[in-house]
Amino acid sequence: MLQFKDIITPIDFIVTEETTLKDAITLMYKKKWNLLPVIDSYRYPVGVFTRSSLQQMVTEEIPLTTPIKNYIKKQVETVRIDTPYEKVEEIVKKSKVGTGVVIDEYNRVVGILTKTDMVMSLLQTSQELQTIKKLKRTLETAIAHAFDGIVMTDEKKIITMVSPPLLELFNLPLEEVLYKLATRVLPQLQLENVYESETAEVSGFLEINGIKYIVHRIPILEDGKVIGAIGKVVFRQLNEVSELFKKLQKAENKANFYHQQFQMSETAKFTWNHILSVEPCMEKLKKSGEKAAKGRSTVLIRGESGTGKELFAHSIHNSSARGTGKFIVVNCAAIPEELLESEFFGYDEGAFTGARQKGKLGKFDLANGGTLFLDEIGDMSLALQAKLLRVLQEREFYRVGGTITIKVDVRIIAATNRNLEEMVKDGFFREDLYYRLNVISLNVPPLRDRLYDIEHLIGQFMIELNQILGTSITGIEDRARETMLDYDWPGNVRELRNVMERAMTFAESGKIKFEDLPDYLLKQVPIKEPNLKVSLVENAELEAIKKALVQVQGNKVKAARLLGISRSGLYEKIKKYKLNEGKFS
């Protein structure tokens with residue numbers, strides 16, 4: 001008969017009040033445990049050091065060599081090792097914490113017991129339960145309330161039980177998993193390994209949609225033969241310990257880290273693959289950018305703030321013949337006007353009071369042989385515009401305070417969110433410089449005109465931010481999604497990413513809810529108009545949508561306004577009737 005001592009996890013290390021934060025992080029990372037029992041010299045329990053305690057020390061920037069004694073939780077839930085199994089089962093069901101400390105008859109710490117340990121013991125010892133009916137009921141209850149994902153297979157590798165958290169993590173409906181071959185529906189778990197090895201094993205860190213997880217693979221043995229397998233997928237808050245461990249490693253190698261950061265500052269980091277879009281107009285724009293990259297001509301990238309103009313600049317450089325050269329960025333709006341000239345052209349020794357003794361190289365010097373990206377060029381002063389024009393025409397310049405002509409080979413990519421034509425008309429931008437810059441012009445459309453991209457970017461940012469934030473967000477509820485599709489996004493892609501980061505940080509469940517969105521967004525969402533009953537039959541509705549799209553030349557935003565429905569409503573109808581832009585151009 002199963003005994004309590006058979007299911008506990010024994011402790012093979014010692015943690016005391018004098019254990020350092022660094023050692024605690026290492027132990028938690030190695031053991032994959034939520035807490036560490038803290039004992040005195042007689043192995044009596046002093047308290048527990050939890051993951052929240054660890055997080056608090058890191059947040060307060062406590063040095064890694066500091067003992068953990070001031071952050072130990074003194075209240076310890078203990079269970080004696082001679083407690084009857086049935087009583088332990090009741091304790092686990094009622095317990096509000098996921099882990100308890102196990103003591104012997106002399107009150108000395110000998111191990112820990114987790115709810116997962118109990119679930120595993122129930123699964124592995126199913127033959128000892130009195131009836132199949134009781135077994136099924138007990139197992140289903142345990143699995144349904146398990147914190148992490150659990151899956152069980154039989155001797156034919158068919159899935160017989162699976163927990164809701166696992167289905168949520170892999171975004172799979174129950175009917176597509178239960179009673180299916182594990183190697184087909186969940187190949188990433190590699191449960192088939194233990195059928196051959198007959199030995200339990202633990203995977204390294206795996207990842208899905210930006211969420212890190214590890215897999216415990218456990219064979220179920222009977223008379224020396226594997227009759228099934230159990231997979232335990234640990235992913236809830238796993239990133240916390242992983243990120244803290246990475247932070248520890250990073251702290252020990254700061255010099256190398258900062259050197260790498262400096263190198264990256266003069267290198268284009270993005271390629272065409274980083275411009276996330278499913279809109280045909282964006283794909284066409286990317287192809288135009290790729291063609292422009294092959295030449296030497298100046299490129300002017302236009303678009304509202306937050307649309308991704310800088311990504312286009314990086315991608316053009318990386319796909320050009322200058323891709324191995326420097327990529328130097330100058331934000332013309334961020335540098336004070338009196339410093340812009342010296343930033344661009346550098347200065348010679350003694351050029352002005354406070355100048356460096358040996359002078360300084362300018363951005364044109366640094367970008368020689370590569371690309372100079374002039375962001376927000378519409379904010380450049382008229383005086384500097386004249387000097388920039390000379391460099392573009394003559395490919396040479398003088399340093400501030402200098403008399404020697406400096407030859408330079410630099411390709412210029414410029415970007416602006418301002419109306420340069422109006423600025424030329426009003427005398428704020430030189431007409432000759434405008435025509436010199438506007439050789440190849442790329443206009444990045446705002447997000448409100450890229451309806452399909454909103455949906456696409458929500459999913460892509462969810463994957464990216466799960467990895468960065470250490471969250472485990474697997475989806476977004478319909479009301480929140482509809483609200484985001486209805487919003488105009490004046491801050492474009494940058495604003496959408498910020499909203500996703502905020503919502504994923506505040507989300508308490510596995511999905512983003514309506515209330516997780518920022519208040520300003522909720523207040524600006526227009527009230528939906530009632531659905532128009534264009535006709536009693538779908539054919540009439542289809543014809544009305546076609547007519548509207550033709551009238552506005554395929555602009556979905558204008559078509560939605562013309563029909564009197566929300567953009568998300570029109571988006572759903574376009575999907576429903578399988579319409580595409582080609583029919584309306």
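The following legends describe close-up views of a predicted model.

Local features require pLDDT of at least 70 and side-chain atom pairs count only at pLDDT 80 or more, whereas totals for chains, interfaces and linings use all residues. Residues are numbered from 1 along each chain as its sequence is written, and side-chain values use heavy atoms, with hydrogens and water left out.

**View A. A patch of negative charge on the surface is formed by Glu-477, Asp-478, Glu-508 and Glu-515.** Glu-508 belongs to the loop between α20 (492-506) and β21 (511-512). Glu-508 is exposed at 82% relative accessibility (exposed, over 50%; buried, under 20%; partly exposed, in between; 1.4 Å probe, protein chains only).

**View B. Ile-476 lies in strand β20 (residues 475-476).** Helices (H or I, at least four residues) and strands (E, at least two) are DSSP runs, numbered from the N terminus. Ile-476 is buried, its relative accessible area being 6%. A distance of 8.5 Å separates the C-alpha atoms of Ile-476 and Gly-510, which are 34 residues apart along the chain.

**View C. Trp-489 occupies the loop between α19 (478-486) and α20.** Trp-489 is not a glycine, although its phi is positive, at about 55 degrees. With 0% relative accessibility, Trp-489 counts as buried.

**View D. Arg-395 is found in the loop between α15 (382-394) and β16 (396-398).** Arg-395, a residue other than glycine, has a positive phi near 55 degrees. Its relative accessibility of 32% makes Arg-395 partly exposed.

Methods. Patches are made of residues with over 30% relative accessible area and no salt bridge: like charges are joined within 9 Å, nonpolar side chains (Val, Leu, Ile, Met, Phe, Trp, Tyr) within 5 Å. Accessible areas come from the Shrake-Rupley method with a 1.4 Å probe; for residues, only the protein chains shown count as cover. A salt bridge is a side-chain nitrogen of Lys or Arg within 4 Å of a carboxyl oxygen of Asp or Glu. Lys and Arg count as positive and Asp and Glu as negative; His and the chain ends are not counted. The place of a charge is taken as NZ of Lys, CZ of Arg, CG of Asp or CD of Glu.
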